[in-house]
Amino acid sequence: MNHQTEVLLKTIGEDLDRKVFPSVHDSGLVWPARTVVISQPPGQEIQNERQTTAPGAWQTGASRTSSSSGTSGTSSDTRPPGAAASLLGEYQSDGFLAEIDAVQAAYPGTQVWEVADGFWLYAQSHLLPGLNRPVGFLVGLSLAKRRVRAWAFWSAGVVGSDWIGPRHTNFPDGSICAFEPRDGTWVFGQSLVTLLDLYSVWALRQLHLERLGRWPGPQAVHFPYERILEVAGDEHCPCGFTGRRYAECCQPVDLAANRLAIAVNLVCISSASMRFPPSSIRDFVLYRKFIPSIADLV
């Protein structure tokens, strides 16, 4: 990572600490809010800013959350025309096909696989100009269950790609935990582009944690022992109620608790499992041989 890219990462992290959400552009490039983009990596076209707080709805057939200022490089061979029609059935009127087209426009090169219970999407996000380390998102959508689950990998699609976690991933399968479902940040039926934008910001926070040693901005971690293990004192307190740093809020209480009791509580809640992607997910990301089962994983 060059110096300019690291400065940009730090700036976005500082904004997140002030609860200022960044903007997300095509190919998953994340920029500070209200930044005018004047340059881009070779081969990457920047279009109008796309805000993750303004989702489109499938039922209205909305395919974008912002207008385009240019031509997107859509991959025409990832989904043959009409490939999804047999599965959609009652969902076809909800504009799901338009959502797939919108994703392929906003995240060029996105691949789509139709399976018996839904769809898999694989999209790459470049996060920051000059990073040269894309993130691959494998997203499973169960149309019948109205559920979505996703996994993220650095440099995905090549042998040796690294799963992103375990911070802010779900037990036990290591899937992305980018927002609190109960907050209504994103619900099934809203824009898939918005969902990928949220994943892109989540991945950028993971990059900030890796490079600068802390998770930027608000977060939610519900279990005291998990907070002790993972949350730094200068990060936002995961209780989410005070806006203070963890060291100034819940950390003293967590550290004073019965350590064995809260550890056992976490083990029981997590079924004594370690967060890690299923082998079928890792194998598919690496080798694209066997499509995972939506019914078993989503």
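Strands here are DSSP runs of E with at least two residues and helices are DSSP runs of H or I with at least four, both numbered from the N terminus; two strands pair if DSSP finds at least two bridges between them. The model is predicted, so local features need pLDDT of at least 70 and side-chain atom pairs count only at pLDDT 80 or more, while totals for chains, interfaces and linings use all residues. Residues are numbered from 1 along each chain as its sequence is written, and side-chain values use heavy atoms, with hydrogens and water left out.

**View 1. The whole chain, as a starting point.** Nine helices and seven strands make up the secondary structure of the chain. Of its 298 residues, 49% are buried, where buried means under 20% relative accessible area, exposed means over 50% and partly exposed lies in between (1.4 Å probe, protein chains only). The chain exposes about 13700 Å², and carbon and sulfur atoms supply 53% of that area; accessible areas come from the Shrake-Rupley method with a 1.4 Å probe, and for residues only the protein chains shown count as cover. Contact means heavy atoms within 4.5 Å. Of the contacts between residues at least 6 apart in sequence, 60% join residues at least 24 apart.

View 2. Turn now to β6 (residues 147–154), which runs antiparallel to β7 and is joined to β7 by two bridges. Here W154 stands opposite D162 in β7. The charged end of R133 sits over the ring of W154, 4.1 Å from the ring centre; for this, NZ of Lys or CZ of Arg must be within 6 Å of the ring centre and within 35 degrees of the ring normal.

**View 3. Two of the five aromatic pairs in the structure**. Rings of Phe, Tyr and Trp (its six-membered ring) pair if their centres lie within 6.5 Å; planes under 30 degrees apart are stacked, those over 60 edge-to-face and the rest tilted. W120 and W151 form a tilted pair, 6.3 Å from centre to centre and with 40° between the planes. This pair links W120 in strand β4 with W151 in strand β6, 31 residues apart. W120 counts as buried because its relative accessibility is 0%, and W151 is buried too, with a relative accessible area of 0%. The other pair shown, W163 and F276, is edge-to-face because the planes stand at 70°, with the ring centres 5.4 Å apart. W163 lies in strand β7 and F276 in the loop between α7 (259–269) and α8 (279–287), so this pair ties together parts that are 113 residues apart in sequence. W163 is buried at 13% relative accessible area, whereas F276 is partly exposed at 45%.

**View 4. Helix α8 and the residue that follows.** I281, F284, V285 and L286 are buried in α8. The buried residues of this helix pack against β3, β4, β5, β6 and α9 (294–297). After α8 comes R288, whose phi is positive, near 55°. Look for R288 over the face of F284, at 5.8 Å from the ring centre.

**View 5. G28, in the loop between β1 (23–25) and β2 (29–31)**. G28 counts as buried because its relative accessibility is 0%. Setting aside residues up to four places away in sequence, G28 touches Y107, S125, H126, L127 and S200. The C-alpha atoms of G28 and Q124 are 7.6 Å apart, although 96 residues separate the two in sequence.

**View 6. D15 in helix α1 (residues 3–17)**. D15 counts as buried at 11% relative accessibility. Leaving out neighbours within four places in sequence, the contacts of D15 are with V20, P32 and A33.
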